[in-house]
Amino acid sequence: MSKFKSAVKKGVPPLSTASLPDIVFMILFFFMVTTTMRQTEVQVAVTVPKATQIKKLEKKSVVSYIYIGRPITRMQALYGVEPMIQMNDKLVNEEGVPTESVKDFILAEREQLAESDKNKMTVSLKIDQNIPMGKVTDVKQALRYANALKINYSAKKDYRNLATR
Amino acid sequence: MAKRAVPEINAGSMADIAFLLLIFFIVATTMDVDTGITRLLPPIPEDKVKEKEIKVKERNVLVVLINRSDQLMVEGQIMNVEELKDKTIEFFSNPADDVSLPEKEEVTIEFPPGQSPRFPNGTVNILVSKGVVSLQNDRTTTYGKYLSVQNELVAAVNELRNQFCVENFGRKYDELDSKKSIDQAIIDGINDIYKMNISEAEPKNIGGTN
């Protein structure tokens with residue numbers, strides 16, 4: 001009789017937290033593996049325009065980035081306020097078509113790609129929406145000379161206009 | 001000598017350390033996906049080709065101009081960006097065979113067989129527009145305006161493609177999966193019917209000099 005009584009009286013056993021570190025480590029490893037550290041610091045202010053017909057860039061490893069915008073406040077003492085082109089860590093502001101610097105950049109980026117990916121190379125243009133087109137046209141022209149023809153005008157999804165059309 | 005037991009290491013703080021690292025990596029991770037409008041630039045023409053310009057009939061060209069104050073002019077009319085999509089759709093489809101809108105030529109397109117009830121064996125003869133959009137802008141046009149115009153042109157072509165896809169295959173164009181070979185063949189076929197014919201002129205100053 002007393003045997004049964006003691007069984008009923010027993011309270012909730014304390015929750016074991018012994019597996020908590022394991023779970024946390026699991027999530028930690030997931031984040032460590034998926035993290036890609038940003039290798040370049042963007043030195044120009046870029047607000048990309050909005051668009052409705054955008055597509056995702058599938059393979060990030062074949063994408064190179066060219067930024068065009070006015071230098072951020074911290075950099076204005078050094079570079080002024082005129083729109084500049086940033087490729088990797090270098091800021092360029094040339095008169096006319098920046099053929100040489102774009103070609104150097106494209107060659108360096110293409111060098112890093114695997115042989116099978118070289119024709120898939122895409123250049124993502126992150127351009128501020130208030131930049132005059134002259135600069136953009138120059139870069140596009142330079143990209144044509146460098147034979148990097150696949151480009152992507154970076155844009156954010158326009159949710160406001162999406163509903164009406 | 002008495003054997004002394006090594007005291008057990010307290011693993012209670014292990015979770016705290018792991019949490020600390022976890023939070024660091026969560027904060028440092030950038031999960032942003034890059035999105036945008038993908039286009040293909042025309043290659044630099046070789047010297048011989050440069051000499052003779054390709055002649056296109058006037059009815060086959062939709063001239064889109066953006067001036068230095070971001071105003072849009074389509075075929076000589078001032079227009080809002082919102083109207084451009086419908087205008088472009090009308091231009092490419094030319095439903096009434098208007099003489100001022102582009103010509104069409106008959107093209108044989110191969111689709112994978114058995115996908116559409118309209119053409120069970122896959123081969124179809126279809127009229128394809130010869131229209132080309134000519135987009136010209138000033139050097140001082142803002143990039144935002146330029147991209148919104150590009151966006152409308154792409155939207156027009158995408159809508160035509162989608163319309164064709166729904167009518168003939170009963171599916172939406174953007175629901176086709178390019179990883180499946182049959183879907184990819186359908187996409188290629190539709191892209192041959194409605195081409196993204198946007199030609200960009202060499203830059204010049206429109207609407208006053210700087």
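In this predicted model, helix H3 (residues 81–93) of chain B and H4(B) approach with their axes within 8 Å and cross at roughly 40°. The handedness of the H3(B)–H4(B) crossing comes out as right-handed. On the H3(B) side, the contact is made by B:Val81, B:Leu84, B:Lys85, B:Thr88, B:Ile89, B:Phe92 and B:Ser93. Facing them in H4(B) are B:Ser148, B:Val149, B:Glu152, B:Leu153, B:Ala155, B:Ala156, B:Glu159 and B:Leu160. Sorted by class, the contact of H3(B) with H4(B) works out at nine nonpolar, three polar and three charged residues.

H4(B) has another helical partner in its own chain. Helix H5 (residues 181–193) of chain B crosses H4(B) at roughly 125°, and the two axes come within 10 Å. That puts H4(B) oblique to H5(B) too, and this crossing is right-handed. Here B:Arg161, B:Phe164, B:Cys165 and B:Phe169 of H4(B) sit against B:Ile186, B:Ile190 and B:Ile193 of H5(B). The tally for the contact of H4(B) with H5(B) is six nonpolar residues, one charged and no polar.

Turning to the interface, 46 residues of chain A are in contact with 39 residues of chain B. Which elements of chain B each supply at least two residues of the side that touches chain A? They are H1, strand S1 (35–40) and helix H4 (143–169). H4(B) turns up again here, with the largest share of that side, 10 residues. Taken by class, the side of chain B that touches chain A is made up of 21 nonpolar, 14 polar and four charged residues.

One piece of the picture between the chains is a helix pair. Helix H2 (residues 20–34) of chain A packs on helix H1 (residues 14–28) of chain B with the axes 9 Å apart and an angle of about 25° between them. An angle like that makes H2(A) roughly parallel to H1(B). As for handedness, H2(A) and H1(B) cross in the left-handed sense. H2(A) brings A:Leu20, A:Pro21, A:Val24, A:Phe25, A:Ile27, A:Leu28, A:Phe31 and A:Met32 to the contact. From H1(B) come B:Met14, B:Ala15, B:Ala18, B:Phe19, B:Leu21, B:Leu22, B:Phe25 and B:Ile26. How does this contact split by class, and how many residues are nonpolar, polar or charged? The contact of H2(A) with H1(B) has 16 nonpolar residues, with no polar and no charged ones.

Strands link the two chains as well. Strand S3 (residues 55–56) of chain A pairs with S1(B), running antiparallel to it over two bridges. Within this pairing, A:Lys55 has B:Gly36 of S1(B) as its bridge partner.

As for chain A on its own, there are six helices and nine strands. Of the 165 residues in chain A, 29% are buried.

Definitions and conventions: Residues numbered from 1 in each chain as written. Chains lettered and ligands numbered in written order. Predicted model: local features only at pLDDT ≥ 70, side-chain atom pairs only at ≥ 80, totals over all residues. Axes fitted to C-alpha atoms, helices over the stretch in contact; angles between N-to-C directions. Helix = DSSP H or I, 4+ residues; strand = E, 2+ residues; numbered from the N terminus. Parallel < 35°, antiparallel > 145°, perpendicular 65-115°, else oblique. Left-handed = near helix turned anticlockwise from the far one by under 90°. Contact = placed C-beta atoms within 7 Å. Nonpolar A, V, L, I, M, F, W, Y, C, P; charged D, E, K, R; others polar. Pairing = 2+ DSSP bridges. Buried ≥ 20, exposed ≤ 12 C-beta atoms within 10 Å, placed from the backbone.
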